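This briefing is meant for a reader who is meeting the structure for the first time. Please look over the sequence and the model before turning to the notes below, which are grouped by topic.

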Amino acid sequence: MIQFSFKNIKITSKIKKNMQKMKVMMLSKCAPIETNPLKLTEIDRHEINKPNEILLKIEACGVCHSQLHGIEG
């Protein structure tokens, strides 16, 4: 296990042997937000294969207003 510490942020890296899934909101095409262009999808989580790679666990994420304009094209 590799650990990095930047002020109050702790990053841990472990090499995983089995591929796990993760849920993402994926944009299939640009469209008005009202038409729900973001679809909840499961994809393979990135597998760590090299000692210089790290995997970050993000517990919460948001979409800013600028990203909404990008989603709408």
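Thr35 lies in the loop between S3 and S4, and in this predicted model Thr35 counts as partly exposed because its relative accessible area is 48%, which falls between the 20% limit for buried and the 50% limit for exposed. Although Thr35 and Glu72 are 37 residues apart in sequence, their C-alpha atoms are 9.9 Å apart in space. The points below begin with the overall layout and then move to particular residues.

**Overall layout**

- The protein contains 1 helix and 4 strands, and these elements follow the pattern β-β-β-β-α when they are read along the sequence.
- Of the 73 residues in the protein, 11% are buried.
- The accessible surface of the protein comes to about 6,500 Å², and carbon and sulfur atoms account for 56% of that area.
- When contacts between residues at least 6 apart in sequence are considered, 43% of them join residues that are at least 24 apart.

**Confidence of the prediction**

- The mean pLDDT of the protein is 76, and 74% of its residues reach a value of 70 or more.
- Among the elements of the protein, the lowest mean pLDDT, 53, belongs to strand S1, which covers residues 2-6, whereas the highest, 90, belongs to S4.

**The loop between S3 and S4**

- Asn36, like Thr35, is placed in the loop between S3 and S4.
- The phi angle of Asn36 is near 55°, which is a positive value in a residue other than glycine.

**Helix H1 and the segment after it**

- Ile71 is found in helix H1, and Ile71 counts as buried because its relative accessibility of 9% is under the 20% limit.
- Leaving aside neighbours within four places in sequence, the residues in contact with Ile71 are Leu27, Cys30, Ala31, Ile33, Pro37 and Leu38.
- One of these contacts, Leu27, is 44 residues from Ile71 along the chain, and the C-alpha atoms of the two residues are separated by 7.4 Å.
- Gly73 is found in the segment after helix H1, a helix that spans residues 65-71, and Gly73 counts as exposed because its relative accessibility of 80% is over the 50% limit.
- Gly73 and Lys29 are also 44 residues apart in sequence, and their C-alpha atoms are 8.7 Å apart in space.

**The salt bridge**

- How many salt bridges does the structure hold? The structure holds 1 salt bridge, in which the side chains of Lys21 and Asp44 meet at 2.8 Å, taken from N to O.
- Lys21 lies in strand S3, which covers residues 21-27, and Asp44 lies in strand S4, so the pair ties together parts that are 23 residues apart in sequence.
- Lys21 is exposed, with a relative accessible area of 52%, whereas Asp44 counts as partly exposed, at 44% relative accessibility.

**Cysteines**

- A search of the whole structure finds 0 disulfides; in general terms, a disulfide is a covalent bond between the sulfur atoms of two cysteines.
- Cys30 counts as partly exposed, at 47% relative accessibility, and Cys64 likewise counts as partly exposed, at 38%.

**A nonpolar surface patch**

- Which residues make the nonpolar surface patch of about 300 Å²? The patch is made by Ile54, Leu56 and Ile58.
- Ile54 has its place in the loop between strand S4, which covers residues 38-44, and H1.
- Ile54 counts as partly exposed because its relative accessibility is 34%, a value between the limits of 20% and 50%.

Methods
Residues numbered from 1 in each chain as written. Heavy atoms only, no water. Helix = DSSP H or I, 4+ residues; strand = E, 2+ residues; numbered from the N terminus. Buried < 20%, exposed > 50% of the residue type's maximum accessible area, 1.4 Å probe, protein only. Patch = residues over 30% accessible without salt bridge, like charges linked within 9 Å, V, L, I, M, F, W, Y side chains within 5 Å. Areas by Shrake-Rupley, 256 points an atom, 1.4 Å probe, with all protein chains shown as cover. Salt bridge = Lys/Arg side-chain N within 4 Å of Asp/Glu carboxyl O. Contact = heavy atoms within 4.5 Å. Disulfide = S-S within 2.5 Å. pLDDT = per-residue confidence, 0-100.
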